[in-house]
Amino acid sequence: MDGMTRTPFDVDAIRADFPILASEHRGRKLVFLDSGASAQKPRQVIQAMVRCMESAYANVHRGAYHLSEQATADYEAARAAVARFINAPSEADIIITANSTMAMNLVAHSFGRGVLKPGQAVVASEMEHHANLVPWQMLRDGHGTELRICRITDAGELDLDHLAELLADGRVGLVAVTHMSNVLGTVTPAAQIARMAHEAGAKVLFDGSQAAVHRRVDVQAIDADFYAFTGHKLYGPTGIGVLYAKAALQRAMPPFMGGGDMIASVGLHHSVWAEPPAKFEAGTPPIIEAIGLHEAIRYVEAIGMPAIEAHERALVDHAMAVLPGIEGLRILGAAQDRGGVFAFALDNAHSHDLSTLLDRAGIAVRAGRHCAEPLHERLGAENGTCRASFGLYTTAGEIDFLAEALTSARRFFA
Amino acid sequence: MFDDLRDLYQEVILDHGRRPRNFRRLENATHHARGDNPLCGDKMDLWLAFGDDGAIADAAFQGRGCAISMASASLMTETVRGKSPTQARQLGEAFRQLAMTGRCPACEAVLAEDMERLSPLSGVHEFPSRVKCATLAWHTLNNALDDSGQEARSE
Ligand SMILES: Cc1ncc(COP(=O)(O)O)c(C=O)c1O
């Protein structure tokens with residue numbers, strides 16, 4: 001593909017870019033329905049990282065020699081690509097982290113402890129990944145902020161009336177909610193949530209770990225103050241994540257970690273912080289991973305986020321047509337706006353037994369509670385669920401095969 | 001589609017998984033422990049009641065989990081009855097070996113009969129991520145045996 005826009009969406013050509021999809025596991029073709037946990041990598045990403053290590057690698061921001069200058073330019077080009085990808089006003093708004101967990105913890109630490117006052121409140125929701133819940137519990141316990149939990153409806157949508165109630169007393173300093181649930185697939189109305197938060201004087205953080213993979217994200221259009229996502233779910237490598245943070249907020253926030261790269265000058269007793277975003281990037285950053293993430297962004301943009309979204313929407317429609325017909329199968333959530341993530345349970349099989357069976361059929365799904373324990377309690381699914389999640393390489397045939405396997409599995413345990 | 005999985009899910013396992021034996025709270029328990037497998041969300045409470053002879057007179061459990069963890073706990077409560085703490089621990093050690101390797105060559109003749117009853121679970125050794133489902137009950141048993149009798153200990 002190499003930079004050309006590929007139309008119409010050609011799923012076979014895309015699959016050919018992913019070496020692992022051609023591999024066999026115990027003599028069966030891999031049906032990979034766990035992209036929501038981590039996506040597979042296209043050849044282009046793999047090769048870009050190898051190329052970097054073979055011919056363009058040195059530490060960044062440090063050497064005055066050509067190779068280091070080149071590596072620095074490549075690293076900064078990745079930051080610029082990320083900024084364009086989510087339509088950030090400037091690349092200075094992009095902080096490179098290790099993953100989205102670190103991005104959320106950075107906000108909890110630097111904004112939470114540094115800007116929020118004890119007694120102010122943070123709002124999270126019942127459908128957060130632990131990465132966007134536990135940091136706020138820790139902030140409450142260590143800093144004295146209050147943690148308020150916004151309910152979801154039985155359909156698995158954010159209860160906006162409840163959000164309004166939680167915001168009403170004006171004490172909320174931050175609303176930290178998912179942009180797309182990693183369990184229910186629910187896409188939340190980000191622009192509306194941001195408007196509600198801002199009107200109540202609060203800032204807003206979106207956990208975009210799932211959303212950024214499936215939709216075009218425009219942080220200015222939704223008016224996010226913070227937006228977090230993670231490279232490995234976006235067909236890029238592990239070890240790199242992104243925090244978008246508005247420049248004014250970055251200036252008000254103290255650093256997260258101390259060390260090299262985040263300082264302008266250092267004395268034995270005092271130091272002066274570097275300008276943002278360097279202020280938040282202590283230590284050698286994920287250089288090779290940044291090259292990989294840049295290539296992954298190039299890859300999805302060449303296909304086009306709207307085309308990817310349309311492909312996945314068709315898969316969701318197909319799944320919603322096929323799966324509910326399976327006897328004894330419960331699908332969690334029924335949000336109007338949902339992406340390619342489904343959690344389900346069979347009435348006569350525990351999620352772990354079911355995933356062992358599906359694995360035997362070559363189908364990789366996640367089993368358990370998907371780092372969303374409170375949500376499973378809320379929805380009465382204490383035994384966990386299996387989760388199928390789609391990527392740009394998923395086909396309708398794979399969903400049919402899943403349906404067939406689920407029908408056999410139910411018979412197996414009958 | 002799944003016929004080759006009958007080795008793992010033998011009829012005994014499915015039966016004990018569906019209808020676990022000794023699935024109740026022991027009111028006269030002398031020992032208790034809670035077992036927890038945070039990764040899968042499996043949870044169980046295990047109670048033991050010792051007789052005057054120092055052997056386990058009764059064992060019962062409650063909890064939730066997959067067919068394998070429920071069946072394993074169910075079979076365990078049946079096999080540890082009448083055992084001294086030392087014998088029960090020995091049995092647990094032998095079972096762990098069975099679950100991890102599929103075999104227990106070192107099992108002495110004294111354990112042979114009990115191991116025979118537990119052998120339907122030996123299939124888990126081919127499923128590394130499921131071994132812990134089978135061994136949870138036995139870890140919990142060790143904790144229950146350590147229990148001072150005062151207060152429940154969790155993992
Ligand atoms: C919604 C959501 N938030 C946060 C995370 C955490 O991502 P990471 O483990 O890359 O930090 C995930 C992925 O597991 C997720 O799905």
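Guide: Start with one pair of residues: A:Val122 has A:Leu147, in β6(A), as its bridge partner. This is a predicted model, where local features need pLDDT of at least 70, side-chain atom pairs count only at pLDDT 80 or more, and totals for chains, interfaces and linings use all residues. Residues are numbered from 1 along each chain as its sequence is written, chains are lettered from A and ligands numbered from 1 in written order, and side-chain values use heavy atoms, without hydrogens and water.

Visitor: In which sense do β5 and β6(A) pair?

Guide: Strands of a sheet pair through backbone hydrogen bonds, either parallel or antiparallel. Strand β5 (residues 121-125) of chain A pairs with β6(A) in the parallel sense, over five bridges. Strands are DSSP runs (E, at least two residues), numbered from the N terminus, and two of them pair if DSSP finds at least two bridges between them.

Visitor: What is the order of the strands in the open sheet?

Guide: The seven strands of chain A run β4-β10-β9-β8-β7-β5-β6, with mixed pairing. At the edges are β4 (94-97) and β6 (146-150) of chain A, each pairing on one side only.

Note on methods
Helix = DSSP H or I, 4+ residues; strand = E, 2+ residues; numbered from the N terminus.
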